[in-house]
Amino acid sequence: MIQLVWLAVLFPLLGAVINAALAFRRPMAKTAVSIVGVGVMAAAFAVALAVFRELQQSPVASYSVVLWHWMPVTDRLSIDLAFQVDHLSSVMLLVITGVGGLIHLFSVGYMRSDPGYARYFAYLNLFIVFMLVLVLGASLPVSFIGWEGVGLCSYLLIGFWYEVDANSNAGKKAFLANRIGDFGVLIAMFLIWWSLGTLDFTGIMMQGGAHWSRGSTMPLLVALFLFLGCTGKSAQIPLYVWLPDAMAGPTPVSALIHAATMVTAGVFLVVRTAAVFTLAPVALEVVAVVGALTAFFAATIGLRQYDIKKVLAYSTVSQLGYMFLGVGTTAFASGIFHLITHAFFKALLFLGAGSVIHAMHHALHHAHSHADPQDMRNMGGLRRAMPWTFALMGIATLAIAGVPPFAGFFSKDEILGAAFARGSEHPIYYVCWALGLAAALMTAFYMSRLVAMTFFGKYRGGEKSAEHLHEAPWVMTGPLVILAILTIGGGLINLPHFAGGSSWLEHWLAPVVQVAMMMVTPTPEIPSGMETTLIALAIVAAVTGLVGGYVLTTRSSIVTPEHAPEERGIWSLLYHKYYVDEVYHRLIVDPTMWLSRRALWQTVDAFLIDRIGVGGTARLAEGLGWLGSRLQNGQVAFYVTMFAVGAVLILRTLVR
Amino acid sequence: MDTRLLLGPTLVVSAILFVLGVAGVLVRRNAIVVFMCVELMLNAVNLTFIAFAQLHGVSGQIMVFFVMTVAAAEAAVGLAIILAIFRHTQSVDLAHINLLKG
């Protein structure tokens, strides 16, 4: 079955092709589109499950499935289109096809009345194809196909409702921010090939250990350029700005691409090339610090957002920061653990939000209200109309806040523990830990604020729309229930010793990062007394945040957006997201526009090339022609004189 | 008398005739006079041909017949053109015939 892993890629590819064909020929054949779109995901999940089962029983930890010789460039460089099936990619395979499949199912309900239904499923299937290529790729170029492909699908899906200008602009922004990161990955690839002569992940791991010394410049450069790619794809400082705008896409897309799978590609890439990072301790510190800072700053912005999806978007940026903090402290398994649990609870949160938006949209639509169905100030008291969604989102909120025994608690606690433990080696990690803990407190706060604003209190959307509020159909709540079960039980896959578990995921992933871990000192042990204190601190932070968020939100009077007062002081700063977009606009967009318009277009192209170059040549020819035409003045006598003079001159040269 | 002794004076006469022709073409504005000057140049050349034919055989004399034939044809065509121009412009002054110019 492992040799047949390409089937997992082929099924969604078939789905994408068929759905694309349907989008052109039969856009209204929604039943066929649903069956194909969800069916291929079920098939892919079955393949993933079979591969995982076989790998579990296999004594070999890593298989390479070569499909064909892709680029036989030279004797030194020959790239195969090959898939690497190992413990890491098999887990990712399960998460992507599993969570992806559930989101496909949810989309059947959510997108039911959309005219672009077939096109939507074609994009969604295509995204899965590229995501699977990304995680399965056995070499950087193969993974890069997926890396670029998911970026493309992300662009297509963010701008899915392209009739609205803002949506297509958000798509472009995402694509451009990602391109900056992709440039980093490309440079890293060139450097690796130049220095090591191989691009296979196993080759990089082996050759890197053999040819690079720890702490030298080359692995540092490679790691930093790779990390630049990760900051783009995984929305870290400084390239995170595209992710909140990506919420312009349909909500299930936000769940699948901008929360559960694509944005975690950066974390995955760091783990895949872990050996490079452990050879460059400075790069690891950069990863950890950037992760912690992102976790902290994104969480602060999340405190003062009103759009339900924007809160979740900043929460995603913040949680991705945690993952990088994890891998930056060489707790690779913890990073992947948080990636998986986050995929569960963030998909649940986004789909729950989608369910809320769906209900709000219909209710407001029936009441002919033009209020924003995503603004939480228009919601309130929805728990009575939508008990299922409320309960399921409540579970996800407890999980992301880090309340035991939900999945998020264990993964977040492990990352914070690893950061604290590394603190004895370098004090910067204590700072990272403190930032992470503060972010955990704020996460709990803004999540409980979200739930309180949405589900508690009085409905603020107007009386006329209140009676139209209804629970989502089963095809939407069904996937939510499954995700909720995973959210509750997800922690089991890496249950730590103190909770009576055996850290299964850590042992499972050990072979993947084995070589990398040989380059670094093992994570120092935390004394068990200290460990208990840390856990207690984390729980206190979570509970304080949750209670604080609930109490402060329900006590304050929430007014609908049109009556909302001006934000003041620090709140204004947070509400406007630290004006980062505006600063980027001034520092990057405006100069680029100036360079393009003034310098390159008006000066170089219009003036230098058009006026001087092209126009100048024409005028030169015209002038010379005018001079020549003066000779033809119509006076025969003049011609004859010229002729005579010419004849005399010729005779003079002939007769010497 | 040795005809070769006459070569030098003949060529001098021919050159004088030719230069007269050239000068006439260059300075006169009457189309018919210019035309006659062209004929003068042709005949100067004919004279040269004849003179050299005494040394190099009859090919020069044959050439003269060609030149005379062409000159006759040219005279016919040229005079016809001048007539046509005169009908059109009531003038044979070359300075006035200047419609073709850049």
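Predicted model: local features only at pLDDT ≥ 70, side-chain atom pairs only at ≥ 80, totals over all residues.

A: Let's call two residues in contact if their C-beta atoms, placed from the backbone, lie within 7 Å. As for labels, residues are numbered from 1 along each chain as its sequence is written, and chains are lettered from A and ligands numbered from 1 in the order in which they are written.

Start with chain B where it meets its partner. Eleven residues of chain B are in contact with ten residues of chain A. On the chain B side, that set splits into eight nonpolar, two polar and one charged (Ala, Val, Leu, Ile, Met, Phe, Trp, Tyr, Cys and Pro are nonpolar; Asp, Glu, Lys and Arg are charged; the others, Gly among them, are polar).

Now chain B itself. It has three helices and zero strands, taken as DSSP runs numbered from the N terminus (H or I over at least four residues for helices, E over at least two for strands). Along the sequence the pattern reads α-α-α. Chain B is more spread out than a compact globule, because its radius of gyration is 17 Å, well over the 13 Å that the globule rule gives for 102 residues. That radius is taken over C-alpha atoms, and the rule is 2.2 Å times the number of residues to the power 0.38. Along the principal axes, the C-alpha atoms of chain B fill a box of roughly 55 × 25 × 25 Å.

For a helix pair on the partner chain, take α1 (residues 6–25) and α4 (residues 117–136) of chain A: their axes come within 8 Å and cross at roughly 155 degrees. Axes here are lines fitted to C-alpha atoms, for helices over the stretch in contact, with angles from 0 to 180 degrees between N-to-C directions. So α1(A) is roughly antiparallel to α4(A) (over 145 degrees; under 35 is roughly parallel, 65 to 115 roughly perpendicular, the rest oblique). By class, the contact of α1(A) with α4(A) has 16 nonpolar, three polar and one charged residues.
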